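Work through the exercises below with the sequence and the model open. Each task is followed by a solution in steps.

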Amino acid sequence: MSKQTLDFDAAARSLCVGLPVSIGASGLARELSAIAPDRAFRDVLTRGGWFRLGGVIDATGRHIADDLTRWGESELAKHEDDLRALYDACAGSGLRATRLLGRTHYLVAVTGTQAADFVQVEIEELQETVSHVLFEGHVPGSLEELFEAPEAGAATNEPVSVPFYALRRITNVSELLKRIAAEKPEPQTVHRFFDAWQASSAGQTTHFSNHWVLAVREYLDRYRQSIQQATPVAALNGPSPKFLSAYGAKGLALAEALQQFDRQAGYPMAWFFHMLTTKSVPQAVAYAVIDDVQDGFAYLPERDVKVLRNWLHRPFGF
């Protein structure tokens with residue numbers, strides 16, 4: 001990792017600590033651009049509605065631990081891995097688990113002309129809230145059961161802190177794709193997606209990062225080697241484009257349906273990329289389009305026909 005990358009990472013992390021969430025995603029983009037003058041960041045997507053485990057607070061609201069999982073494992077070890085003993089020691093103490101309610105803001109800056117030439121910054125907007133009282137009702141069968149809010153008394157979501165920002169990840173997408181390629185010899189699905197974009201009318205009309213971000217995941221394989229995965233996610237902050245066509249449509253009717261979808265999405269060949277990801281367009285449409293091409297209909301540019309034929313020869317999707 002270069003010194004410039006490390007410097008930007010540290011600056012972005014520090015920036016998040018000092019910013020109020022009232023500035024919103026567009027304000028985050030401005031602030032990121034200010035600390036990296038050679039990059040113009042834009043907010044393209046916000047994904048919310050998720051949560052993860054938080055920490056532990058006592059009956060007065062004082063923080064006992066910031067990490068519920070580590071706290072539980074440590075406390076269980078003190079009681080010789082005996083959940084009954086842990087329960088007896090803590091029942092009635094008023095200890096409560098917290099959770100972090102979150103939204104992820106995706107901000108991007110283009111760094112070149114190719115589809116993968118952009119930097120993606122993920123900033124989380126978090127708020128710690130009360131989840132549930134620990135050691136209440138019965139002895140849990142496992143730590144996982146202890147950590148999980150009972151269905152009957154769903155999380156209270158009582159605020160423990162004011163909302164705040166935290167840097168989740170900075171991804172140089174071009175470098176990420178190179179690392180993924182180095183892990184396996186054959187082209188991965190995400191590489192084929194980017195190649196199709198670059199070769200299609202979409203890649204000639206607009207930059208990939210105007211319409212897509214990457215959901216990045218890292219895990220350990222059975223040999224304990226770090227493996228990275230990336231899945232394209234449509235940058236939709238409003239309604240998804242609708243494919244308005246009857247099953248089995250062909251010819252002019254199909255052409256109009258595809259053009260309508262593309263107009264909603266804002267770029268050509270959008271129907272193809274949504275077919276591979278959001279599934280809002282049936283895969284049968286691709287076969288119908290090629291049938292039309294063979295019957296003499298020319299509503300797709302030749303470059304897009306080639307992309308489609310390549311997919312039909314070796315289908316892929318997410």
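**Exercise 1: The chain as a whole**

Task: State what share of contacts in the chain between residues at least 6 apart in sequence joins residues at least 24 apart.

Solution. Contact means heavy atoms within 4.5 Å. Among contacts between residues at least 6 apart in sequence, 68% join residues at least 24 apart.

Before going on, note the conditions. This is a predicted model, in which local features need pLDDT of at least 70 and side-chain atom pairs count only at pLDDT 80 or more, while totals for chains, interfaces and linings use all residues. Residues are numbered from 1 along each chain as its sequence is written, and side-chain values use heavy atoms, with hydrogens and water left out.

Next, take the overall figures. The chain has 12 helices and 7 strands; helices (H or I, at least four residues) and strands (E, at least two) are DSSP runs, numbered from the N terminus. Along the principal axes, the C-alpha atoms fill a box of roughly 80 × 45 × 40 Å. Of the 318 residues, 44% are buried, where buried means under 20% relative accessible area, exposed over 50% and partly exposed in between (1.4 Å probe, protein chains only).

**Exercise 2: Cores**

Task: Which residues touch the most other members of the largest nonpolar core?

Solution. A nonpolar core is a set of buried Ala, Val, Leu, Ile, Met, Phe, Trp, Tyr and Cys residues joined through side-chain atoms within 4.5 Å. The largest one holds 55 residues, and Phe194, Leu254, Trp271, Phe272, Phe273 and Val289 touch the most other members. Leaving aside neighbours within four places in sequence, Phe272 contacts Ala196, Val307, Leu308 and Trp311. A second, separate core of 17 residues includes Leu107, Ala109, Tyr165 and Leu167.

**Exercise 3: Two single residues**

Task: Is Asp292 buried or exposed?

Solution. Asp292 is placed in helix H11 (residues 284-294). Asp292 counts as buried because its relative accessibility is 0%. Apart from neighbours within four places in sequence, Asp292 is in contact with Lys250, Gly251, Leu254, Phe297 and Tyr299.

Task: Locate Val139 and list what Val139 touches.

Solution. Val139 lies in the loop between strand E4 (118-133) and helix H5 (143-147). With a relative accessible area of 23%, Val139 is partly exposed. Not counting residues up to four places away in sequence, Val139 touches Leu83, Arg84 and Tyr87. The C-alpha atoms of Val139 and Ala59 are separated by 20 Å, the two residues being 80 apart along the chain.
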